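Subject: Structure handover

Hi,

Here is the structure I said I would pass on. Have a look first, and then read on for what turned up in it.

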Amino acid sequence: PHPVSVCWADCAMRVGWVLLGGCAGADVHVHAQLGDDGADGSADAPLRTLHAAQAAARRAGQPVTVHVRGSHALGETLALTEEDSGTRWSGDGEAAVHGGVQVPVSLFKPWKGSILQANLTGLGIQLGELSGTPGLGQCQNRKSDLYLNSAKMTLARYPNVGSDGLWQFLLAEEGTSAGTGLTFPSNLSARAGNWSQEKDLWLHGYWKFDWADG
């Protein structure tokens with residue numbers, strides 16, 4: 001088993017060099033896994049969070065290089081302002097910043113066959129939503145994403161990807177050109193019955209035009 005991270009879409013990034021001007025003088029060290037925000041921020045006693053490192057750099061009163069190591073999960077925005085001008089952020093070795101929450105392997109329990117499930121309630125994860133608007137092609141996607149070993153996983157869905165690797169779709173058998181009165185194949189009824197207890201069922205489709213989703 002491997003640890004996984006639940007992360008909002010497009011929130012992961014690798015830490016490289018971020019230059020905000022000025023010449024580096026003092027050094028502040030931060031390590032997500034081995035640090036302590038009560039430490040002095042030296043190489044031997046790194047801080048733990050980027051916010052603590054930012055505060056230490058601001059107090060230094062001179063240009064600072066912040067040496068970042070480890071995988072940092074941001075629970076709140078790290079805002080860089082004019083007050084941080086002259087601070088240089090360096091990703092040393094394996095360093096990453098993301099807005100995700102790591103899900104311990106121990107949370108995953110057998111469900112059906114080879115499928116595992118995990119109760120995320122205690123982790124404070126908000127799963128987001130899909131929402132439509134009156135405009136064409138304006139389906140809003142604010143759902144959470146699951147990453148396993150840096151690879152984005154796919155939501156459970158029906159129809160699934162076909163044996164040829166292409167997306168499959170349900171085609172309406174009847175309906176108006178305005179996208180109302182849509183009916184789907186009768187063999188869908190038995191499967192849809194399995195969703196009757198689902199509290200958060202999402203439908204995404206091209207209901208009226210074949211060139212705009214909703």
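**What I found**

Strand 4 (residues 26–31) runs parallel to strand 5, and the two are paired over six bridges. Keep in mind that this is a predicted model. One of the contacts to look up is D27, whose bridge partner in strand 5 is T65. On the other side of the pairing list, T65 stands opposite R88 in strand 6. Strand 5 and strand 6 (residues 87–98) are also parallel, with nine bridges between them. As for strand 5 itself (residues 64–73), seven of its ten residues are buried, so I'd call the strand mostly covered, going by the under 20% cut-off for relative accessible area.

Now for the helix. Together with strand 4 and strand 5, helix 1 (residues 50–59) makes a right-handed β-α-β unit. Its buried residues are L50, A52, A53, Q54, A56 and A57. Just after helix 1 ends, look at G61, which has a positive phi of about 75 degrees.

**The core**

The largest nonpolar core has 14 residues, and those touching the most other members are V28, V30, L47, L50, A53, V66 and V68. Strand 4, helix 1, strand 5 and strand 6 are the elements that give two or more residues to this core. Helix 1 gives the most, with five residues.

**Charged pairs**

How many salt bridges does a search of the whole structure find? It finds two. In one of them R58 pairs with E83, with the closest N and O atoms 3.4 Å apart. R58 sits in helix 1 and E83 in the loop between strand 5 and strand 6, so this pair ties together parts that are 25 residues apart in sequence. In the other, the side chains of D84 and R58 meet at 2.9 Å, N to O. D84 is in the loop between strand 5 and strand 6 too, so its pairing with R58 in helix 1 ties together parts that are 26 residues apart in sequence.

The three residues are worth checking for burial. D84 counts as buried, at 1% relative accessibility. R58 is partly exposed, with a relative accessible area of 31%, and E83 is exposed at 54%.

**Two more spots**

I115 is in strand 9 (residues 115–118). Is I115 buried, exposed or partly exposed? I115 is partly exposed, because its relative accessible area is 44%. Setting aside neighbours within four places in sequence, I115 is in contact with K109 and P110.

F169 is in the loop between strand 13 (151–152) and helix 2 (188–193). With a relative accessible area of 58%, F169 is exposed. F169 and G205 are 36 residues apart in sequence, and their C-alpha atoms are 8.8 Å apart in space.

Cheers

Definitions and conventions:
Residues are numbered from 1 along each chain as its sequence is written. This is a predicted model: local features need pLDDT of at least 70, side-chain atom pairs count only at pLDDT 80 or more; totals for chains, interfaces and linings use all residues. Side-chain values use heavy atoms; hydrogens and water are left out. Buried means under 20% relative accessible area, exposed over 50%, partly exposed in between (1.4 Å probe, protein chains only). Helices (H or I, at least four residues) and strands (E, at least two) are DSSP runs, numbered from the N terminus. Two strands pair if DSSP finds at least two bridges between them. A crossover is right-handed if, with the strands pointing away from the viewer, the path from the first strand over the helix to the second runs clockwise. Contact means heavy atoms within 4.5 Å. A nonpolar core is a set of buried Ala, Val, Leu, Ile, Met, Phe, Trp, Tyr and Cys residues joined through side-chain atoms within 4.5 Å. A salt bridge is a side-chain nitrogen of Lys or Arg within 4 Å of a carboxyl oxygen of Asp or Glu.
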